[in-house]
Amino acid sequence: MKNQTQNFITSKPFIIAALVLLMLIPLSFIKDLVHDRQDYKNQAVKSISMPLGSAPKIEGLVIAMPYWEEIKNEKTVGGVKTIETTRIKRYLIVAPSQYDLDVQVSPYMLNRGIFKVPAFNAGAKLNAAFTSVDLKQFSLEERAFIKDECLLLLGMGNSKSLKSLPKIQVAGKTLSQSEVKFSGITPFTSTLYYILPENFFNSNFTLNSNLELQGTKYIDIVPIAGENNFKMISSWATPGFSGSWLPNERTVTDYGFEALWNIPGLSTNFSHAWNASENSTLFAATYEYSGFDNRNYSSETWKLILTACAPSWLYR
């Protein structure tokens, strides 16, 4: 009897270890099932987000004014000095002095299997004002400019976010879209180019447009002007706000939300005007991963926080 007790005590740790190993088998199966379900959910979200352009980002608008820069090089050949003059085409980029956006967001749900993915349509009323630039500050003369080749650039993070081609009106006239792309001068990720009439060269004027957007997860807006005023209204009752600026005012109820941003240009890193060759890329972005849950679904999102800017709104 004593020997049996000793044998049981000796074998007890091995029995416990064997039971633990047996229990790890179903746990491994459950873990694989969770991973498969997670991959399926990611594929479902991606299959909806990609056709809609994912999260729309309104990067703003600027004017590009081309001019000729003359570079003189002195050469000596056979004891004779000569001066070679080379002309290089450059652009003076001008940001608006006032930039207003009034955004109406209409959210809805799309299903993929057992998963629900938030999506939305949005209409954005855009108004902007431009003022003249003191060309002497850039050591430029008006005669150096090519006035009939000025452009208006509208920047988007992804052109797939646009449901239709935006029509931009200046002084009651709709601007024509340029068939030529000028990728070397644009500060934006994706750009729409419009031909600016010669009579608006370096002058004070206002413009307006209506942007029809679609997307998922969130909206980013870049405050590129001297004064930026953004308003956003939606029936989504559980919004989240992130980015470099939070709303100055917000109202959130069971029926939706309304948020207002008033962002002065002094708090951004944009200047009123700059040379395209000196600052061809403005947007440096960092990515922060966050998860969030809603009363009807759970999902994950990439939050884009622009180092220059953007207040953003996202589903929670």
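Predicted model: local features only at pLDDT ≥ 70, side-chain atom pairs only at ≥ 80, totals over all residues.
R143 itself counts as exposed, because its relative accessibility is 72%, and the exposed class begins over 50%.

The overall composition comes next. The protein has 316 residues, and 42% of them count as buried. Its secondary structure consists of 1 helix and 18 strands. Among contacts with a separation of 6 or more, 74% are accounted for by residues 24 or more positions apart.

Several of the strands belong to an open sheet. This sheet has 8 strands in the order β7-β6-β9-β4-β3-β11-β14-β13, and its pairing is mixed. Its edge strands are β7, at residues 173–174, and β13, at residues 249–253, each of which pairs on one side only. Strands of a sheet pair through backbone hydrogen bonds, in either a parallel or an antiparallel sense.

Individual pairings can be followed along that order. Strand β6, residues 168–170, pairs with β9 in the antiparallel sense over 3 bridges. In this pairing I168 stands opposite S209 of β9. On to the next pair in the order: strand β9, residues 205–216, is joined to strand β4, residues 115–130, by 12 bridges, and the two run antiparallel. Here N127 stands opposite N208 of β9. Further along the order, strand β11, residues 227–234, pairs with strand β14, residues 256–264, through 8 bridges, again in the antiparallel sense. F230 stands opposite W261 of β14.

Strand β10 covers residues 218–221 and includes I221. I221 has a relative accessible area of 3%, so it is buried, the limit for that class being under 20%. In space, the C-alpha of I221 is 6.1 Å from the C-alpha of E59, although the two residues are 162 residues apart in sequence.

By the distance rule applied, the count of salt bridges comes to 6. One of them links the side chains of E59 and K57, with an N to O distance of 3.3 Å. Both E59 and K57 are buried. Another salt bridge joins R90 to E69, and its closest N and O atoms are 2.1 Å apart. R90 lies in strand β2, residues 80–94, and E69 lies in strand β1, residues 57–77, so this pair ties together parts that are 21 residues apart in sequence. E69 has a relative accessible area of 27%, so it counts as partly exposed.

Terms used: Residues numbered from 1 in each chain as written. Heavy atoms only, no water. Helix = DSSP H or I, 4+ residues; strand = E, 2+ residues; numbered from the N terminus. Buried < 20%, exposed > 50% of the residue type's maximum accessible area, 1.4 Å probe, protein only. Contact = heavy atoms within 4.5 Å. Pairing = 2+ DSSP bridges. Salt bridge = Lys/Arg side-chain N within 4 Å of Asp/Glu carboxyl O.
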